[in-house]
Amino acid sequence: MRSLTRRVAIGGLVAALALSACTSGSAGSSGVPTLSLAVETSEGDPLADMLLAFADQVEAELGDKVELKVQTGGAIGDEEAVLQALRGGSIDIAALSGSVANLDPTFNIMEVPFLFTDRESAARHLDGELGREMSGSLVGSIGARVLAFGENGFRHITNNERPIRTSTDLAGLRIRVPGSPARVSLFEGLGAVPTQIDLGEAYLALDQGVLDGQENPLKVVDAFSFYEKQKYLSLTSHIYSPVYLTMNERSWSGLPQDIQQGLQTAAAKAATISREAGADADRTLRAKFEQAGMKVNEADVDELRNAVAGVRDEIVAGIPGDFARRVVESANR
């Protein structure tokens, strides 16, 4: 099944051109619904792998009841472009990360630093009431639902200057961060100089010394070969980042119930695959990076958490209602 999905994904650039001439979610040449899927990144990155796993599972669950058009590797642009295409309905399903919070502040809950300390707690919350409330909020804000929460992973810091053990070690370091105001606030609170650069441009920026470092899950560090340009990996686990497998609500509503159920089942299975891949990466990649010459250290997580207590409070206060307070209380139990 993986080989089939890979062929579909490689055809994503062609599919992107074909989709411009048709309505997303419309009937394909065989008369069955055609669903367009998109992600900014390429195979090997957690977002793309989640989308490809989902496509595999849809094939297994629904067979020829649907046709899939899968676009990876930035076929329609960066994540902001993918998000806007999802919102506008020109694509049906997307794998997204933290940029969703720019349109729905409820999703800033996952920007609260050191909210979850282990993936089991994160999965339990995302698969429960927390996830249902986030999905419902997204339907209201941009007209898209979360089919499942995969795993981007626990984020760690790499840099070329020194090991990061406490917040004082981050002073003045130019760290690449995604386009999230909450992430900027986090690294400002840690004394760094957060720098917003597209993920695809970060490798060159690290190579040229425009950046001192970056922060990402280990699987992303591997997928984008950042370990080739960084001397130190500090295991900070400062943020747990999900992959949001999202679907345009109009596209969802236009499908018969059996296909909806098949998509939901496929999404749940893809989330499990995504989380297992994240756990496996955490077990194996540290050794790979050390063999490549990186120096790896454990950070003082308690000190880092205390250093950004004010940032945590600020993010929580900016999320509407009592949602954030309830999640923080539950996560701290």
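How many bridges join S6 to S7, and do the two run parallel or antiparallel? Four bridges do the joining, and the strands run parallel. The close-ups below come from a predicted model.

**View 1. The open sheet, strand by strand.** Here six strands line up as S7-S6-S8-S5-S9-S11, with mixed pairing. Strand S7 (193-196) and strand S11 (295-298) sit at the edges, each pairing on one side only. Going from one strand to the next, the twist averages 25°.

**View 2. Ile175 and what it touches.** Ile175 belongs to strand S6, which spans residues 174-177. Its relative accessibility is 0%, so Ile175 counts as buried. Leaving aside residues up to four places away in sequence, the residues Ile175 touches include Ile157, Thr158, Leu170 and Phe187. Also among them are Ala192, Val193, Pro194 and Thr195, along with Leu211, Gly213, Gln214 and Glu215. If you want a distance to check, Ile175 and Glu79 are 20 Å apart, C-alpha to C-alpha, with a sequence separation of 96 residues.

**View 3. The two sides of helix H13.** In helix H13 (residues 309-317), the buried residues are Val311, Arg312 and Ile315. They span an arc of only 100° around the axis, so they end up on the same side of H13. Asp313, Glu314 and Ala317 are exposed on the other side.

**View 4. What covers H13.** Helix H7 (181-189), helix H12 (301-307) and helix H14 (323-331) are included in what covers the buried residues of H13.

Key
Residues are numbered from 1 along each chain as its sequence is written. This is a predicted model: local features need pLDDT of at least 70, side-chain atom pairs count only at pLDDT 80 or more; totals for chains, interfaces and linings use all residues. Side-chain values use heavy atoms; hydrogens and water are left out. Buried means under 20% relative accessible area, exposed over 50%, partly exposed in between (1.4 Å probe, protein chains only). Contact means heavy atoms within 4.5 Å. Two strands pair if DSSP finds at least two bridges between them. Axes are lines fitted to C-alpha atoms, for helices over the stretch in contact, and angles run from 0 to 180 degrees between N-to-C directions. The arc is that of the directions from the helix axis to the C-beta atoms.
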